[in-house]
Amino acid sequence: MSTNNLITKIWSFCDTLRDDGLGYNDYLEQLTYLLFLKMADENTTKYNLPAICDWKKLVENSRGELLEQYEEILKTLAESGGMLEKIFAGAQNKIHDSVKLKKLLLLIDEENWSSTNADIKGEIYESLLQKNAENSGAGQYFTPRPVIQAMVECIKPLPMETIADPSCGTGGFFLGALNYIRENNKLTVDKENFLKFETFHGWEIEKATARLCLMNLYLHGIGDLKKTPDIQVSDSLNPRKVGKEIPRVKIVLANPPFGRSSSDIPTIDKNQAQKDGYFLREDFWVTTGNKQLAFLQHIVSMLEENGRAAVVLPDSVLFEGGAGEIIRKKMLDEVNLHTILRLPTGIFYAQGVKSNVLFFEKKKNVKKNGTSEVWFYDYRTNIHHTPKNNQIAFKHLKEFIDCYNIGSENKRSETWSTENTKGRWRRYSYDEIIERDKTNLDIFWLKDDSLIDIENLPEPEMLLEDIIENIESTLANFKTIKDSLI
């Protein structure tokens, strides 16, 4: 069976289970457990699971015996240590109809998962994660894979470099970096071992999502049953919850959650840190309950000297006053914020998300301002994408990558000029930016064709989609500003 047919077949069964109240997230979680058990049955010497984890007997069982055995398996694996414990910690059976559980078992049993290589298994699992994002409402946290690929191409990770994501979700940035490293380098045994066990450091606050991340990495050849990559279930912003020192890393790739913190707030004030609802972060520039502003400070702090980062952030980070203005000034002064990619609306499954990718380096021994100039690439104005009918693809970001001039960033050339006012690549000096009101980085220069050329307006449906996206984005920005004032 082709990969696409297999994905469609397995995923479509979720519609049957929705009648019993099983959501997409729960379904994907149950698939994770069962896929793992099936692969263990196909390779008993590698997995060597406890005797209770007998796949063939599980498939043969029915009714109460099936449910009882499945629940006992989950409990046993949750207490097995290592990778098993991390994947199955707190695992529960949420398919209480034995007939439907049996049907799902048979669907998975029809395929020999271990006969395919890691790339194919990983591709299948990634596709299931994407379908979950499309349907579950978690789309704003599922970064489009072409965007990840472009970010990774520009950051250019190398073997033996550590890579972190402080809000790693299901591990999309890790896989983008993994694919790049493997495709562009010949790895020695030492480098491969470092890649499998030492390269990636991730934090995810949701236990179920961290479980999906671990399984995703495992299916792509990262970690083994004894030693796992450093994926922690905790709030990476709060050192007390992490429970150990946050490592300094060479690279950070991230798409932090948007909105206001629903947990404790990081503060630079020692006295305030003694109060309920706060914790101390002396390495921050300013106290803020705004998640993306807190994460941006956190990411700068995580980087080693000469470390580099690419981070997806909402428009509000570029123009918001108060803490936002302080952080922008600090970024320009203390790191090299050299590139901003303006992303189009309509690329996330959640509507109305307007975002950007900030590329920066943490320079060693900055004497004056760390940023001498910021290069902007506007891939938003006059660009129309939708998550289903006109998805963003890597080819759409190829011009940006060419302009980025990887490895020779000091030899960049603008495509915008007074003679070519449609150029999407433009440079602004430190002085030009610092003179702008509130050090505003929300910069546009291209004219919106749809507002000018009355004779060639887009189709009504496209116009309506733009209006809806703009309204939703504006409401989201107003909410963020309101939250920052509380």
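Predicted model: local features only at pLDDT ≥ 70, side-chain atom pairs only at ≥ 80, totals over all residues.
1. Overall composition. The protein has 486 residues, of which 52% count as buried. Its secondary structure comes to 21 helices and 11 strands. The accessible surface of the protein is about 22,400 Å², and carbon and sulfur atoms hold 47% of that area. Among contacts with a separation of 6 or more, 75% are between residues 24 or more positions apart.

2. Strand E2 and its cover. Strand E2 spans residues 200-203, and both of its faces are covered. Phe 200 and Gly 202 lie on one side, His 201 and Trp 203 on the other, and all four of these residues are buried.

3. Neighbours of strand E2. E2 pairs in the parallel sense with strand E1 (residues 163-165) over three bridges. In this pairing, Ala 164 stands opposite His 201 of E2. E2 also pairs in the parallel sense with strand E3 (residues 230-232), again over three bridges. There, Gln 232 of E3 is the bridge partner of Trp 203. Between E2 and E3 the chain passes through helix H12 (residues 207-219), and this β-α-β crossover is right-handed.

4. Thr 199 is found in the loop between helix H11 (189-197) and E2. Is Thr 199 buried or exposed? Thr 199 has a relative accessible area of 1%, and therefore counts as buried. Leaving aside residues up to four places away in sequence, Thr 199 touches Glu 161, Thr 162, Ile 163 and Phe 194. Of these, Ile 163 belongs to the residue range of strand E1 (residues 163-165).

5. A buried glutamine. Gln 297 lies in helix H15 (residues 291-302). Because its relative accessibility is 2%, Gln 297 counts as buried. With residues up to four places away in sequence not counted, Gln 297 touches Phe 284, Trp 285, Val 286, Thr 288 and Ile 327.

6. Salt bridges and the pair Arg 211 and Glu 29. Side chains of opposite charge can pair when their charged atoms come close. The count for this protein comes to 20 salt bridges. One of them joins Arg 211 to Glu 29, with the closest N and O atoms 3.1 Å apart. This pair links distant parts of the chain, for Arg 211 lies in helix H12 and Glu 29 in helix H2 (residues 24-42), 182 residues apart. Arg 211 has a relative accessibility of 3% and so counts as buried. Glu 29, at 6% relative accessibility, likewise counts as buried.

7. The pair Asp 41 and Lys 56. Asp 41 forms a salt bridge with Lys 56, and their closest N and O atoms are 3.1 Å apart. Asp 41 lies in helix H2 and Lys 56 in helix H4 (residues 55-60), so that this pair, 15 residues apart, links distant parts of the chain. Asp 41 is partly exposed, because its relative accessible area is 23%, and the buried class ends under 20%.

8. The pair Arg 427 and Glu 373. The side chains of Arg 427 and Glu 373 meet in a salt bridge of 3.0 Å, N to O. Arg 427 is in strand E11 (residues 425-429) and Glu 373 in strand E10 (residues 373-378); the two residues are 54 residues apart, and the pair links distant parts of the chain. At 33% relative accessibility, Arg 427 counts as partly exposed. Glu 373, at 24% relative accessibility, also counts as partly exposed.

9. Leu 464, Ile 467, Ile 471 and Leu 475 make a nonpolar surface patch of about 410 Å². Ile 467 is found in helix H21 (residues 460-485). With a relative accessible area of 47%, Ile 467 is partly exposed.

How values were computed. Residues numbered from 1 in each chain as written. Heavy atoms only, no water. Buried < 20%, exposed > 50% of the residue type's maximum accessible area, 1.4 Å probe, protein only. Helix = DSSP H or I, 4+ residues; strand = E, 2+ residues; numbered from the N terminus. Pairing = 2+ DSSP bridges. Right-handed = clockwise from strand over helix to strand, strands pointing away. Patch = residues over 30% accessible without salt bridge, like charges linked within 9 Å, V, L, I, M, F, W, Y side chains within 5 Å. Areas by Shrake-Rupley, 256 points an atom, 1.4 Å probe, with all protein chains shown as cover. Salt bridge = Lys/Arg side-chain N within 4 Å of Asp/Glu carboxyl O. Contact = heavy atoms within 4.5 Å.
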